[in-house]
Amino acid sequence: MDVAEAGIRTQKTRVCYFYDSLMGTYYYGPEHPMKPHRLRMTHALLSSYQLYKKMQVYRPHPAHYQEITQFHADDYTDFLRRVSPENEKDYQHQLEKFNLGLYTDCPIFPGLYNFCQLYTGASLDGACKLNNGQVDIAINWSGGLHHAKKSEASGFCYINDIVLAILELLKYHARVLYIDIDIHHGDGVEEAFYTTDRVMTVSFHKYGDFFPGSGALGEVGDQKGKYYSVNFPLEDGIDDKGFLSVFKPVIEKVMEVYRPGAIVLQCGADSLTGDRLGCFNVTLKGHGECVRYVKSYNVPLLVLGGGGYNIRNVSRCWTYETAVVLDTAVSDYIPYNEFFHYYGPEFRLHLKESDMENRNTKEQLEKYKIKVYEHLSCLEHAPSVQMQRVPPDYFIDSDDENDDHPDIRFTKDEKRREHESEFYENDKDQDSSSAYTQPSSSEPSDPRPPDSKKRGPKPTPPSLSSSKHPSKPTPSSDSKSQSTPRVERAVFARAAQREIRVPASPHSGSQSPMSAGGGSIFSGTHVVVPSLQTPNTPDDSDSNATGRGPETANVAVSGRASDSGSGVSNGGAHGPSPAPEAKAMDVEEDKV
């Protein structure tokens, strides 16, 4: 289907990007393939391409306990808050119960809960930006951890930020589409929404003797969610041509049938050629074309990261896909940046397909595609929801009741440094996917080419800054170097409740027997939203104006979520209230 024929708008896309420098400082441990250090490499590379100048850059807020427990069990979340490498021996029973610890793929490492808070908060911030219509596309490369379950860690994932972000989107949108191009099946997200028609999950993944072992073609959902789970199993060695030959037609059919109000796209980079754990042969161009195709529908889009265990290829991939989102062409020659030496000896952006065997035949792919079409044809229409009250976007509260500066967060993690093993590729760490080795003490420490060394001191990549706030004086006005480090939190709140009127679904109103009790429920989904109390007025509020109570407020969608022709009414006791803007972090330009 031609974009022009579909009447798709072509105006400039508004994009926001979430990043915190602390994200790259956490370390899963030696020999572990998951390396958060890849996030810092990605940020440095896209900054060297000057892509940050074309989008709004934000530092995310750390997700609060109340936000995380919208999906995850209280006892599981409490355990993540308490456990640490120093005391994990005291929690052997809980480690086994929640699938954590030394003999699992989810180790306990320093700052575990803080790490989860950061990447989850970024996804929630992006969803809220989309809900408020402030941006068209939100990017969080630290998110996309799709294996975590309600009460269990799995596949390097502890908190499922995708499920939490989708729950936030469902407050405004009747239908949300989740697309997963990670090589592993997105089992955690599918399981959460397996019995609801409010969310359709579509996953293209390796299936067979491969983690997590789920994602067969016949797994289509259950109860109200039957045929709303789409799985496309693939074999080893699929290349760009084969992957796109099934991705585009399937997504086109899904968009035609389901008509989502928002899309969440998980861009796991372990489906790229040369990944340490993957077995596909997809290049950056094929991977990025999936992003470009989904973007072409001009539906509010949340772009997330995911897997990816060759850190050089991960940073290449997510930088290129940031350029795709921004409609910006970038050079194949990698510009100098903090991690320039990681990309040797070619120092090129794009990857070449390997000569591995492609076990996916045309006949097999066509057979699976027809079967998916048959499942989608069983859906009579795009479902809608009844009119309900919408709770506030966020349950923001200070973790410290005695905090005199709620807009400034001081934490010892501000001084975190990357683990030294992230900078080695020898026996200190087992990442040997590149020919580069750490220079010896006798060699110069500057890895730049000879011609670039003559240009002066090494440049520093642009960083997130919060120094330009005249209304908040710094401790010292004489020197910028003496200013107190600060982390601004993007706070989204609504002063009034919103209501909409959407035609009721003929299947609405039933609760899934597989759902946990308490709170309101999304028409039969496994996910239960905790009860939220309507915010009190200043006259009758207690010490915590945003506290929870026994009164429930069912989650609904805004007028943008309704089908064409639906009556829309936003209101409350004092009429509609515009969503306040989040404070964008100032970004210093590269001085190269």
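**Overall make-up**

I began with the secondary structure, which comes to twelve helices and twelve strands, where helices (H or I, at least four residues) and strands (E, at least two) are DSSP runs numbered from the N terminus. I kept in mind that this is a predicted model, in which local features need pLDDT of at least 70 and side-chain atom pairs count only at pLDDT 80 or more, while totals for chains, interfaces and linings use all residues. Residues are numbered from 1 along each chain as its sequence is written, and side-chain values use heavy atoms, with hydrogens and water left out.

I then looked up burial and found that buried residues make up 58% of the 592 residues in the protein; buried means under 20% relative accessible area, exposed over 50%, and partly exposed in between, with a 1.4 Å probe and protein chains only. Of the contacts (heavy atoms within 4.5 Å) with a separation of 6 or more, 80% come from residues 24 or more positions apart.

**Helix 5**

I checked the length of helix 5 (residues 112–131): its 20 residues should span 28 Å at 1.5 Å a residue, and the end C-alpha atoms are 29 Å apart, which agrees. The expected span here is 1.5 Å times one less than the number of residues. I also noted that 19 of the 20 residues of helix 5 are buried, so this helix is largely enclosed by the rest of the structure. After helix 5 comes G133, with a positive phi near 70°.

Strands count as paired if DSSP finds at least two bridges between them. Strand 4 (residues 176–180) runs parallel to strand 5 and is joined to it by five bridges, with D180 opposite S203. On looking at strand 6, I found that it pairs with strand 5 in the parallel sense over six bridges, and that K206 stands opposite L234.

**N231**

I next asked which side chain N231 of strand 6 joins in a polar contact of 2.8 Å. The partner is the side chain of H185, a polar contact being a pair of N or O atoms within 3.5 Å, where within protein one must be able to donate a hydrogen and the other to accept it, and residues adjacent in sequence count only if both atoms are side-chain atoms. The side chain of N231 also reaches the backbone oxygen of E219 at 2.9 Å. With 2% relative accessibility, N231 counts as buried. Beyond its neighbours within four places in sequence, N231 is in contact with residues including E190, S203, H205 and V372.

**Aromatic pairs**

Finally I turned to the rings of Phe, Tyr and Trp (its six-membered ring), which pair if their centres lie within 6.5 Å; planes under 30 degrees apart count as stacked, over 60 as edge-to-face and the rest as tilted. The count comes to 24 aromatic pairs. One of them is F232 with Y368, edge-to-face at 6.0 Å centre to centre and 75° between the planes. This pair links distant parts of the chain, since F232 lies in strand 6 (residues 229–234) and Y368 in helix 11 (residues 362–377), 136 residues apart. Both F232 and Y368 are buried.
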